[in-house]
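Visitor: Could you take me through one part of this protein close up? I'd like to hear about the nonpolar packing and the rings beside it.

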Amino acid sequence: MTEPRWYVVQTQPHAENRALQHLERQGYRTYLPRYLKRRRHARRVETVAAPLFPRYLFVAVDLASQRWRSIQSTVGVARLVCNGEGPAMVAGDVVAGLKRRENADGFVRLDQRPNLLRGAPVRVLDGVFAACIGLFDGLTDGQRVAILLELLGRKVRVVLDDLSVAAA
């Protein structure tokens, strides 16, 4: 018996967990990489678990001994990503690399710090200073950035949520 290889399953919209459960019930080994996403809604910022690749998950299949075509008709699955007639195998160490980046809770760690150099122009996306252009001045803590805005004829240092600014 050969070692199962990883393949990609495209799920129906917002059905990653449902497809995962049904594939596991059929005896397939699956992997759904998730991360902690901060989202803003109604002036609140909350952290929620979200799929790293929306509508996709990985399934390990031994093509020689398992019936992979049953994946196509699994509840929650839209299709198995194929290359011609057969499923398209995931290259090399992709799944293992994602698993190595997981924290103790099983979420993939992402580098969420803005990739900006001091003095780089930034645009404020929302709030009182929406649409203002400033200069990146640095990071204060994990989720706040300091920018310099031109207000009343001088530069004023303003600290904002990192989701409120983007490179200009």
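Guide: Let's start with the largest nonpolar core, which has 14 residues, and V9, L23, L57, V59, V61, I71 and L80 have the most contacts inside it. A nonpolar core here is a set of buried Ala, Val, Leu, Ile, Met, Phe, Trp, Tyr and Cys residues joined through side-chain atoms within 4.5 Å; buried means under 20% relative accessible area, exposed over 50%, partly exposed in between (1.4 Å probe, protein chains only). At least two residues of this core come from each of β1 (5-11), α1 (16-25), β5 (56-61) and β6 (77-80). Apart from it lies another core, of 12 residues, among them V8, Y31, Y35 and L98.

This is a predicted model: local features need pLDDT of at least 70, side-chain atom pairs count only at pLDDT 80 or more, and totals for chains, interfaces and linings use all residues. Residues are numbered from 1 along each chain as its sequence is written, and side-chain values use heavy atoms, with hydrogens and water left out.

Now for the rings. Ring pairs (centres within 6.5 Å; planes under 30 degrees apart are stacked, over 60 edge-to-face, the rest tilted) link Y31, F53 and F58 into a cluster. Y31 and F58 are stacked, 6.2 Å centre to centre with 20° between the planes. Y31 sits in strand β2 (residues 29-31) and F58 in strand β5, 27 residues apart. F53 and F58 have ring centres 6.3 Å apart and planes at 85°, so that pair is edge-to-face. F58 counts as buried because its relative accessibility is 7%, while F53, at 34%, counts as partly exposed.

How values were computed. Helix = DSSP H or I, 4+ residues; strand = E, 2+ residues; numbered from the N terminus. Phe/Tyr/Trp six-rings, centres within 6.5 Å; stacked < 30°, edge-to-face > 60°.
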